[in-house]
Structures are given as C-alpha cells and as structure tokens.
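Subject: Structure handover and notes

Dear colleague,

I am passing on the structure below, followed by some notes on what was found in it. Please read them with the structure open beside you.

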Amino acid sequence: MRVTQQQIIQRGLTNRCPNCGGKTLFQPEKPLELNRACPQCGLKLEREEGFFLGAMALNYGVTCIVFLTPIALLWYYGVLGSMVAAIVAIAAALLVPLLLYRSSRSWQLMLYYFFLPQHLPANRRELSGHEDENV
C-alpha cells in the first residue's frame with residue numbers, strides 16, 4: 001500500500017488516520033482524547049512529548065486570523081460597537097479553539113506526513129543489505 005500526499009491531505013481534512021484512512025484518531029468514548037496509536041494499523045499518533053504543540057499553534061493561528069481579525073476589523077470600521085465586539089471576540093476566543101480541537105490535531109498529523117510521507121509505515125520499504133535508511 002502506498003499513501004500519496006493527496007490521500008494524506010484528504011485524510012487530514014476528514015479526521016482520519018494518515019496511514020490507513022480509518023476513523024480512529026480519537027477515542028469513541030472520549031471525543032477530545034487522541035488515541036496513542038491507530039487501533040487499525042498501529043500508527044503511533046502521539047509521536048513524542050510536545051508533539052501536540054503544532055496543533056496548538058494551528059488552532060491559535062486559525063482562531064486569530066479567521067475569527068478574531070474580522071471582528072477587530074468590524075469594530076475598527078464602526079460596524080460593531082465596542083461592547084458587542086468585545087463580547088463576540090471573547091466568545092470566539094473561548095469557543096472556536098474548542099470546536100477546532102479535533103481538526104487541529106488531524107491537520108497537524110496531515111502537515112507532518114505531507115512533508116515526510118516516508119515516515120508512514122505504509123510507505124516504508126524494506127532496505128537491501130547495502131542501503132542505509134538515513135540516506
């Protein structure tokens with residue numbers, strides 16, 4: 001099985017395992033808890049301590065650029081009053097990251113494997129005796 005970069009993007013945008021495509025990123029009984037590994041193919045989803053920081057940065061960036069910047073611009077140009085803009089901005093700052101949590105974790109895996117597709121178990125090949133995997 002060979003996983004292409006297009007498949008990695010499709011799987012990342014639909015919260016699926018980048019290796020096998022299964023809907024197995026999150027625990028069914030705990031929708032905000034990422035599985036340590038994919039139950040179908042065994043892909044390690046939590047690579048190392050701090051790996052989640054990429055998802056936090058994505059979530060923060062999307063929240064600021066897509067949601068908070070338009071609110072600030074609407075306030076600046078007088079479309080929204082100060083009180084309304086403040087309430088909407090606070091609500092967006094609290095709710096949007098929560099709503100994007102699952103997607104941001106999936107997007108992080110998507111970006112990682114998009115740039116390093118050879119790290120997916122499905123894309124690894126057996127090395128012959130004279131090949132070095134670090135080359």
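Just after helix H1, Asn15 takes a positive phi of about 55°; helices here (H or I, at least four residues) and strands (E, at least two) are DSSP runs, numbered from the N terminus. Please keep in mind that this is a predicted model, in which local features need pLDDT of at least 70 and side-chain atom pairs count only at pLDDT 80 or more, while totals for chains, interfaces and linings use all residues. Residues are numbered from 1 along each chain as its sequence is written, and side-chain values use heavy atoms, with hydrogens and water left out.

Helix H1 itself covers residues 5-13, and its buried residues are Ile8, Arg11 and Gly12, where buried means under 20% relative accessible area, exposed over 50% and partly exposed in between (1.4 Å probe, protein chains only). Seen down the axis of H1, these buried residues fall within an arc of 100°, so they line one face of the helix; the arc is that of the directions from the helix axis to the C-beta atoms. On the other side of H1, Gln6 and Leu13 are exposed.

The buried residues of H1 pack against helix H4, which spans 101-115, with contact meaning heavy atoms within 4.5 Å. The axes of the two helices, H1 and H4, come within 8 Å and cross at roughly 170°; axes are lines fitted to C-alpha atoms, for helices over the stretch in contact, and angles run from 0 to 180 degrees between N-to-C directions. H1 and H4 are therefore roughly antiparallel to each other, given that angles under 35 degrees count as roughly parallel, over 145 as roughly antiparallel, 65 to 115 as roughly perpendicular and the rest as oblique.

In the segment before H1 lies Val3, which is buried, with a relative accessible area of 2%. Leaving aside residues up to four places away in sequence, Val3 touches Ile8, Arg11, Pro18, Asn19, Leu120, Ala122 and Asn123. The C-alpha atoms of Val3 and Gln40, which are 37 residues apart along the chain, are separated by 16 Å.

Finally, the strands: E1 (residues 26-27) and E2 (residues 30-34) run antiparallel and are joined by two bridges, and two strands pair if DSSP finds at least two bridges between them. Phe26 stands opposite Leu34 in E2, and E1 and E2 form a hairpin with two residues between them.
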